[in-house]
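Colleague: I want to check some labels against their cut-offs. Can you take me through them?

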Amino acid sequence: MTNIHDIARLSGYSVSTVSRVLNHQNYVSAKTRGDIEAVINKLDYVPNAVARNLSRGATLTIGVVLPHVDHPYFTQLLHGIMRAAFAANYHIVLLPSKWDSQLELKEALRQHAYDALIFTSHGLPLKKLAVYQRYGRIVLCENPHDYSLPAAYAQRTATYVEAFTYLKQRHHQRIAILTSRPLEVSATTQAMVGAYEQVYQRTLSPKLLYTGIITAEDGEHAGTYFAQLTEPVTAVLTNGDDIAVGMRRAYLAAQRPVPLLIGQEHQLSGEVLGIPTIDHHFEVVGARALELAISEHPQSIALPAELIINN
């Protein structure tokens, strides 16, 4: 297999000069460049991209840590990351974590395999993630708060407050909330519950917080539970339009009045049924996270979300 030493020997120039030509660097005369390129063409030589990137101290690969792809939060983020990576000629490696802090720690410790890691979600505390920046660049897809970590994230709290204000203005008092993860470990759940308590000025009853919801089927299970309550809920902030549709199906099957459902992520299912939704524009968030991953800027980028009332 032809290598850079063969080109140097046949062209009569040093390996360092050949390297400058291959890497399109300056300080090479036109004649020298022409002589070396003639040999390269004759040998039909293609540089080893992996070796070249390593020699530059870059892999052109970004690791994306995500627990699963069963919820639009992750699929939309991933679409945005992939599009931006394609445009920037970067490769993406998916690193499934299932929120396992040991798996996440393992990836943080082997950062040399990637130019950066994007954490779409995490089991490791932010405090630990901030420490592991010493091994390489880490980018979050959530508000880093007081930790010095670059991040691109949606401004969720303001839109959750807007959603609960919308419900309060329509005299809804008994409201349920569906989320993926428990309150004590999820920034998203904390934002949803915190917004409810800010608007209603009272603590949300634990009976009205239903976690472990990821798919439309999960939404249907939650709907079955709430439909049989003797004291019914009149509105539900779900964590996805498909999930809201699953919940609606359970109420219809139980022949109970369907509460006012608010979805998230502006999916086609919710649009067809005219369900209000919160669009966090996660594809844009993902693209911005990729931009931060391949740059040296330590900034946080907060992107607006919007409440959409489909009439």
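Modeller: Here are the labels, taken in turn. This is a predicted model, where local features need pLDDT of at least 70, side-chain atom pairs count only at pLDDT 80 or more, and totals for chains, interfaces and linings use all residues. Residues are numbered from 1 along each chain as its sequence is written, and side-chain values use heavy atoms, with hydrogens and water left out.

Colleague: Why is leucine 268 called exposed?

Modeller: Its relative accessibility is 63%. Exposed means over 50%, buried under 20%, and partly exposed in between (1.4 Å probe, protein chains only). So leucine 268 counts as exposed.

Colleague: What makes arginine 9 and aspartate 6 a salt bridge?

Modeller: Their side chains meet at 3.6 Å, N to O. The definition asks for a side-chain nitrogen of Lys or Arg within 4 Å of a carboxyl oxygen of Asp or Glu. So the pair of arginine 9 and aspartate 6 is a salt bridge.

Colleague: Why are arginine 9 and aspartate 6 separated by about one helical turn?

Modeller: Because they are three residues apart in helix α1 (residues 4–11). Helices here are DSSP runs (H or I, at least four residues), numbered from the N terminus.

Colleague: How do you know that glutamate 231 and arginine 174 form a salt bridge?

Modeller: The N to O distance is 3.9 Å, and the limit is 4 Å. Glutamate 231 and arginine 174 are 57 residues apart, and the pair links distant parts of the chain.

Colleague: Is arginine 174 buried, partly exposed or exposed?

Modeller: Partly exposed, with a relative accessible area of 23%. Glutamate 231 is partly exposed too, at 48%.

Key: Helices (H or I, at least four residues) and strands (E, at least two) are DSSP runs, numbered from the N terminus.
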